Amino acid sequence: DPQLILSSASKTVHVSHWGFIGVDEYFELENIGAELKGEFNRVDFHKKGNGLNCMEMITAKFPWYIQNLYFHDYIGNISSTNAIREEEYVNVDYYPRFPICGGWKVDWNMGYKVPTKYHLTRTTERDNLFTLEIPFLYNYDVLLAEDYTVEIVLPYGATDIKVSKAKQRSIYVFS
């Protein structure tokens with residue numbers, strides 16, 4: 001099996017006045033397993049038993065209500081993704097442009113929008129006080145990140161911001 005680690009990952013959450021929350025994520029993935037000796041050859045790679053230390057695909061599950069899912073890497077659009085909307089979630093398979101063998105790296109951006117009604121609620125304390133409940137972690141839960149950053153962009157004029165943690169979600173309260 002490949003030995004994968006996210007050398008860097010970030011998540012930016014934009015809360016909009018217009019009824020949606022935009023999520024943009026960036027990942028730098030590295031295969032820290034045994035390095036490939038010699039040159040890479042696709043014919044040899046696809047022979048049975050070869051390439052066991054290389055990652056060809058990674059899967060993640062997202063909430064069923066995500067919209068406008070996109071993927072791209074440094075060069076441009078990644079056309080080798082597969083997203084299947086099921087009853088309870090969207091299953092997303094990501095195939096990098098090339099298999100990620102030992103010592104190799106890949107990076108990509110992905111993003112989507114979610115309706116605010118699933119993550120933003122008005123508190124009962126005050127009319128102008130809102131609670132944003134959004135997953136703190138990325139959806140590739142099989143990977144560890146050496147450097148992980150989360151940025152929350154609240155609507156213009158948001159004040160009185162408090163942050164708390166409940167299970168695996170972060171809760172942001174603001175007015």
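Visitor: Which backbone oxygen does the side chain of asparagine 109 reach?
Guide: This is a predicted model. In it, the side chain of asparagine 109 reaches the backbone oxygen of glutamate 25, at 3.5 Å. A polar contact needs an N or O pair within 3.5 Å.

Visitor: What makes asparagine 109 buried or exposed?
Guide: Its relative accessible area is 15%. Buried means under 20%, so asparagine 109 is buried. Asparagine 109 sits in strand β7, where 8 of the 11 residues are buried.

Visitor: Which residues is asparagine 109 in contact with, leaving aside neighbours within four places in sequence?
Guide: They are Asp24, Glu25, Tyr26, Tyr70, Phe71 and His72.

Visitor: How do you know that β2 and β7 pair?
Guide: Pairing takes at least two bridges. Strand β2, residues 20-31, has 11 bridges to β7, and the two run antiparallel. Strand β4, residues 67-72, also pairs with β7 in the antiparallel sense, over 4 bridges. Methionine 110 in β7 has glutamate 25 opposite, and phenylalanine 71 stands opposite methionine 110 too.

Visitor: Why is the link between cysteine 54 and cysteine 101 called a disulfide?
Guide: The cut-off is 2.5 Å between sulfur atoms. Here they are 2.2 Å apart, so the pair qualifies. The search of the whole structure finds 1 disulfide.

Visitor: What makes this disulfide right-handed or left-handed?
Guide: The torsion about the S-S bond is about 105°, so the disulfide is right-handed. Cysteine 54 lies in the loop between α1 and β3, and cysteine 101 in the loop between β6 and β7, so the pair ties together parts 47 residues apart in sequence. Both cysteine 54 and cysteine 101 are buried.

Technical notes:
Residues are numbered from 1 along each chain as its sequence is written. This is a predicted model: local features need pLDDT of at least 70, side-chain atom pairs count only at pLDDT 80 or more; totals for chains, interfaces and linings use all residues. Side-chain values use heavy atoms; hydrogens and water are left out. Buried means under 20% relative accessible area, exposed over 50%, partly exposed in between (1.4 Å probe, protein chains only). A polar contact is a pair of N or O atoms within 3.5 Å; within protein, one must be able to donate a hydrogen and the other to accept it, and residues adjacent in sequence count only if both atoms are side-chain atoms. Contact means heavy atoms within 4.5 Å.
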